[in-house]
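Welcome, and please have a look at the model below before reading on.

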Amino acid sequence: NFFNFFLSKETLAISLADLGFFSDALVCYDELEVFHSERKLILSQDNVEFASILPSDNYISGTDIDSVNWKKFRQLIHQSQISLYEFQIYIFSRQLYLLLEIKDIAQILDRLKTFVCYFSAFNSVEEQIKIQWKFESYRFVLDRIKLDVCVSELARGPSLFLVDILFSMTSVYL
């Protein structure tokens with residue numbers, strides 16, 4: 001069962017993070033993400049182990065990434081009632097917080113891009129909700145890495161994705 005494997009692997013990741021081995025903990029979450037992706041391809045069914053694609057309450061927010069949701073998502077995992085969306089949010093949020101500890105801004109921006117592209121592919125979500133979700137997600141992550149740090153990243157070399165993020169954030173509500 002994927003969830004039993006997940007819980008075992010995550011227990012290791014949490015233990016490693018508690019000991020300050022953030023890079024090793026990140027590897028555990030990366031392995032879970034890859035294993036899940038490969039499993040989905042092999043089974044070619046999105047909902048094999050998930051309750052649904054989207055949350056049952058149909059509330060989707062870019063701030064779901066916040067760590068305050070970890071307990072809720074872990075309970076849903078334990079009960080095998082988590083949606084595919086909530087699972088991806090949980091994995092990304094754990095990776096984000098580990099990358100913040102490592103202070104790898106480039107990796108955070110790269111993973112944010114992948115994460116947002118993944119969510120944007122959900123056809124069952126209205127376009128306006130996707131736009132709002134993207135804005136909230138970008139803003140949440142940029143608040144965590146501090147915009148001044150991003151500007152210093154730009155000074156070292158062009159980060160086209162960061163420019164894209166800032167442009168899309170401003171253009172959404174113009």
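Helices here are DSSP runs of H or I with at least four residues, numbered from the N terminus. With that in hand, keep in mind that this is a predicted model.

**Helix H1**
- Helix H1 covers residues 2-18, which is 17 residues.
- From first C-alpha to last, H1 reaches 24 Å, close to the 24 Å expected at 1.5 Å a residue.
- The buried residues of H1 are Phe-2, Phe-3, Phe-6, Leu-7, Lys-9, Glu-10, Ala-13, Leu-16 and Ala-17.
- After H1 comes Gly-20, with a positive phi near 90°.

**Helix H4**
- Helix H4 has 19 residues and spans 27 Å between its first and last C-alpha, close to the 27 Å expected at 1.5 Å a residue.
- Of those 19 residues, 17 are buried, so H4 is largely enclosed by the rest of the structure.
- Just after H4, Lys-103 has a positive phi of about 65°.

**How H3 meets H4**
- The axes of H3 (residues 70-78) and H4 (residues 84-102) come within 10 Å and cross at roughly 135°.
- The crossing of H3 past H4 is left-handed.
- H3 contributes Trp-70, Phe-73, Arg-74, Leu-76 and Ile-77 to the contact, while H4 contributes Glu-86, Ile-89, Tyr-90, Ser-93, Arg-94 and Tyr-97.
- Sorted by class, this contact of H3 with H4 holds 7 nonpolar, 1 polar and 3 charged residues.

Definitions and conventions. Residues are numbered from 1 along each chain as its sequence is written. This is a predicted model: local features need pLDDT of at least 70, side-chain atom pairs count only at pLDDT 80 or more; totals for chains, interfaces and linings use all residues. Side-chain values use heavy atoms; hydrogens and water are left out. Axes are lines fitted to C-alpha atoms, for helices over the stretch in contact, and angles run from 0 to 180 degrees between N-to-C directions. Helices (H or I, at least four residues) and strands (E, at least two) are DSSP runs, numbered from the N terminus. A crossing is left-handed if the near helix is turned anticlockwise from the far one by less than a right angle, and right-handed if clockwise. Contact means heavy atoms within 4.5 Å. Ala, Val, Leu, Ile, Met, Phe, Trp, Tyr, Cys and Pro count as nonpolar, Asp, Glu, Lys and Arg as charged, and the others, Gly among them, as polar. The expected span of a helix is 1.5 Å times one less than its number of residues. Buried means under 20% relative accessible area, exposed over 50%, partly exposed in between (1.4 Å probe, protein chains only).
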